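Subject: Structure handover

Hello,

Here is the structure we discussed, with notes on what turned up in it. Please look through the coordinates first and then read on.

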Amino acid sequence: MSRTDDVVNGIKHMILNGDLGPGERLPVEKELAETLGVSRGSLREGVRALSILGVLNTRQGDGTYVTSLDVAQLLAPMGFVVDLHGEGHAENVHALRRLLESEAARLAAVRITDGSLADAKALLDGAEPFLEGGPDAHERLMEIDIAFHRIIASHTGNPVLIGMIEALASRTVRERLWRSLREEGVLHRTHEEHLAIWRALRARDPEAARVRMANHLLGVEESLSYFPDALD
């Protein structure tokens, strides 16, 4: 391992051991470098790496702090990996999204609150005026789609799953918007699928919610195989 790796692993162990917690300031540079047994140059490189990963935050003139260690923030770099390896293979990203969100729907079915069910239904009701198309219809429906799926993910009780879904969802917007523009009848069909998911959630039926979500997202995957130019 490089000395930079020593810094990254050393600070990680300090966090895991409870020597550093969310929001706490790191020791001064000289002291921390001596603790980790590295030079100040290696320490700075390691701190930069951890800052990119969302673990540390350097404040000019104030020192370096551990972030809140929010899971969604820590998983955000996964989107970069998806960008690099998903180019030309969007169907793989969509297949992973289907697996994750189907499980999210199953978990949410027994956890979602009545208030969130009402919020989700209000979103779907608000989508109806846009189903016939129009200049702003597709973008507005995409915003509603994202918000609807986000409500479901937020009730899984699993912050790692929520973060992974969030990272993937932002990488699939292009294909989903493309589908809404190219595939006849997809706006109404998607809306009906969303309603079916919502009804399964309202019934507190985990298996029905999982199947409805899987069926909904499978439609996007199939559209990519019908129209390969969506992958370019």
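To start with a side-chain detail, arginine 59 lies over the face of tyrosine 65, at 3.8 Å from the ring centre. Lysine 121 is placed likewise over the face of tryptophan 198, at 5.7 Å from the ring centre. Pairs between aromatic rings are another matter: the count comes to 0. Please keep in mind that this is a predicted model, and that the values here are computed from it.

Overall layout

The protein chain has 12 helices and 2 strands. Read from the N terminus, the order of elements is α-α-α-β-β-α-α-α-α-α-α-α-α-α. The chain has 232 residues, of which 43% count as buried. Its accessible surface is about 12,300 Å², and carbon and sulfur atoms account for 54% of that. Taking contacts between residues at least 6 apart in sequence, 71% join residues at least 24 apart.

The hairpin

Strand E1 (residues 56–59) and strand E2 (residues 63–66) run antiparallel and are joined by 4 bridges. Threonine 58 has threonine 64 in E2 as its bridge partner, while asparagine 57 is partnered by tyrosine 65. That tyrosine 65 is also the residue whose ring face has arginine 59 over it. The two strands form a hairpin with 3 residues between them, and glycine 61 in the turn has a positive phi of about 75°.

Nonpolar cores

Which residues of the largest nonpolar core touch the most other members? They are Phe148, Ile152, Ile197, Trp198, Leu201, Ala209 and Met213, out of 25 residues in that core. At least two residues each are supplied by helix H6 (90–108), helix H7 (114–127), helix H8 (137–153), helix H11 (186–202) and helix H12 (206–226). H11 gives the largest share, 7 residues. Apart from this core lies another, of 16 residues, with Val7, Leu36, Val47 and Leu56 among them.

Two members of the larger set can be followed further. Leucine 201, leaving out residues up to four places away in sequence, touches Ala105, Ala108, Ala109, Ile112, Leu117, Ile152 and Ala209. Trp198 is one of the core residues with the most contacts to other members, and the face of its ring is where lysine 121 lies.

Serine 102

Beyond its neighbours within four places in sequence, serine 102 is in contact with Arg210, Met213 and Ala214. Of these, Met213 is also listed among the core residues that touch the most other members.

Two residues deserve a check of the backbone. Leucine 69 is not a glycine, yet has a positive phi of about 60°. Leucine 69 sits in the loop between E2 and helix H4 (71–75). With a relative accessible area of 23%, leucine 69 is partly exposed.

Arginine 204 is the other case: its phi is near 55°, again positive in a residue other than glycine. Arginine 204 is found in the loop between H11 and H12. The relative accessible area of arginine 204 is 33%, so this residue is partly exposed too.

Regards

How values were computed:
Residues are numbered from 1 along each chain as its sequence is written. This is a predicted model: local features need pLDDT of at least 70, side-chain atom pairs count only at pLDDT 80 or more; totals for chains, interfaces and linings use all residues. Side-chain values use heavy atoms; hydrogens and water are left out. A nonpolar core is a set of buried Ala, Val, Leu, Ile, Met, Phe, Trp, Tyr and Cys residues joined through side-chain atoms within 4.5 Å. Buried means under 20% relative accessible area, exposed over 50%, partly exposed in between (1.4 Å probe, protein chains only). Contact means heavy atoms within 4.5 Å. Rings of Phe, Tyr and Trp (its six-membered ring) pair if their centres lie within 6.5 Å; planes under 30 degrees apart count as stacked, over 60 as edge-to-face and the rest as tilted. A charge sits over a ring if NZ of Lys or CZ of Arg is within 6 Å of the ring centre and within 35 degrees of the ring normal. Accessible areas come from the Shrake-Rupley method with a 1.4 Å probe; for residues, only the protein chains shown count as cover. Two strands pair if DSSP finds at least two bridges between them.
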